[in-house]
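Subject: Structure for your review

Dear colleague,

Please find below the structure that I am handing over to you.

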Amino acid sequence: MNTKFVSNSNYVLRKVLNNEDCLDIIKDFIESILNINIEEIELNPYLKKREKYLPKEENFGIVDVRVRTDENEEINVGIQFIDGMYIQTKMLMYYAQIHLNQLEYDEEREFARTITINLLDFKYFTSQEYLKVIKIKSNEIYVNVEEVELYVIELPKFDYTKNIGRREQWIIYLKGYENKEIIEEIKNTNKNIKLLDELIEKYWLEEKME
């Protein structure tokens with residue numbers, strides 16, 4: 001994994017990304033992973049507002065946003081790194097937190113489906129693909145059968161390819177490569193990755209113990 005994320009990846013990225021100035025970075029990442037076009041994006045305030053009060057086992061996740069796609073669908077999206085213990089439990093707990101946080105918002109706001117993006121710095125599934133989409137169906141007729149949707153990215157399974165699109169740019173950056181020229185090329189191509197890299201550098205230079 002990219003060494004800039006070492007030492008509690010969720011915490012560092014949560015500190016860096018949870019502000020309005022970083023919405024373009026978040027938007028670019030989500031669009032590339034989910035393969036959607038986002039017309040509007042806004043931060044959901046719950047995670048940032050409550051992080052000091054959440055029990056340790058619930059104090060996870062990088063960012064929680066509400067997006068509206070070019071097809072006029074509203075979706076809640078949460079992003080998190082997961083470490084090597086209780087993987088399935090952490091995926092489902094995080095999904096439940098992001099989905100049910102909608103109860104905290106304005107009553108006039110419609111309840112939307114939720115998608116979480118889960119980043120793993122280790123191999124977990126037996127399949128060879130680095131990206132897996134898990135959809136959990138419900139027997140309830142009033143529940144959308146694709147309401148529970150989890151994206152899981154296993155960074156070690158990604159192999160470098162010369163056919164680099166936006167998704168591959170993000171995966172290469174998050175995984176980190178010994179070949180610094182590849183990373184520099186990606187930063188020069190994708191302004192949002194370059195900005196995130198600069199913000200993380202700035203964070204580590206100014207880091208203070210809390």
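Predicted model: local features only at pLDDT ≥ 70, side-chain atom pairs only at ≥ 80, totals over all residues.

Residues are numbered from 1 along each chain as its sequence is written, and side-chain values use heavy atoms, with hydrogens and water left out.

Overall fold

The protein chain holds 7 helices and 6 strands; helices (H or I, at least four residues) and strands (E, at least two) are DSSP runs numbered from the N terminus. Read from the N terminus, the order of elements is α-α-β-α-β-β-α-β-β-β-α-α-α. Of the 210 residues, 47% count as buried, where buried means under 20% relative accessible area, exposed over 50% and partly exposed in between (1.4 Å probe, protein chains only). Among contacts between residues at least 6 apart in sequence, 63% join residues at least 24 apart, a contact being heavy atoms within 4.5 Å.

The cavity

The count comes to 1 cavity of 30 Å³ or more, and the largest cavity has a volume of about 120 Å³. A cavity is a set of points, on a 1 Å grid over the protein atoms alone, where a 1.4 Å probe fits but cannot get out, and lining residues have an atom within 4 Å of a point. Grid points are joined across faces, edges and corners, and the volume is the space filled by probe spheres set on the points.

The lining of the largest cavity consists of 13 residues, with L13, L17, F29, I79 and W170 nearest its centre. Helix 1 (9-17), helix 2 (23-34), strand 3 (74-82) and helix 5 (166-175) each contribute at least two lining residues, and helix 2 has the largest share, 3 residues. By class, the lining has 13 nonpolar, no polar and no charged residues; Ala, Val, Leu, Ile, Met, Phe, Trp, Tyr, Cys and Pro count as nonpolar, Asp, Glu, Lys and Arg as charged, and the others, Gly among them, as polar.

Helices 5, 6 and 7

Helix 5 is largely enclosed by the rest of the structure, because 8 of its 10 residues are buried. These are E168, Q169, W170, I171, I172, Y173, L174 and K175. They pack against helix 2, strand 4 (113-120), strand 6 (148-154), helix 6 and helix 7. Just after helix 5, G176 takes a positive phi of about 80 degrees.

Helix 6 (residues 180-189) packs on helix 7 (residues 191-206) at an angle of about 115 degrees, with the axes 5 Å apart. Helix 6 is therefore roughly perpendicular to helix 7, a term that covers angles of 65 to 115 degrees. Axes are lines fitted to C-alpha atoms, for helices over the stretch in contact, and angles run from 0 to 180 degrees between N-to-C directions. In this contact, I186, K187 and T189 of helix 6 meet K191, I193, K194 and D197 of helix 7. The residues of the contact divide into 2 nonpolar, 1 polar and 4 charged.

Positive phi outside glycine

N35, in the loop between helix 2 and strand 1 (38-43), has a positive phi near 60 degrees. N35 is exposed, with a relative accessible area of 66%. N72 lies in the loop between strand 2 (63-69) and strand 3, and its phi is positive, near 65 degrees. At 56% relative accessibility, N72 also counts as exposed.

With kind regards

How values were computed. 1 Å grid on protein atoms, 1.4 Å probe; cavity = no way out; pocket = protein on both sides within 12 Å on 5 of 7 lines; lining within 4 Å. Parallel < 35°, antiparallel > 145°, perpendicular 65-115°, else oblique.
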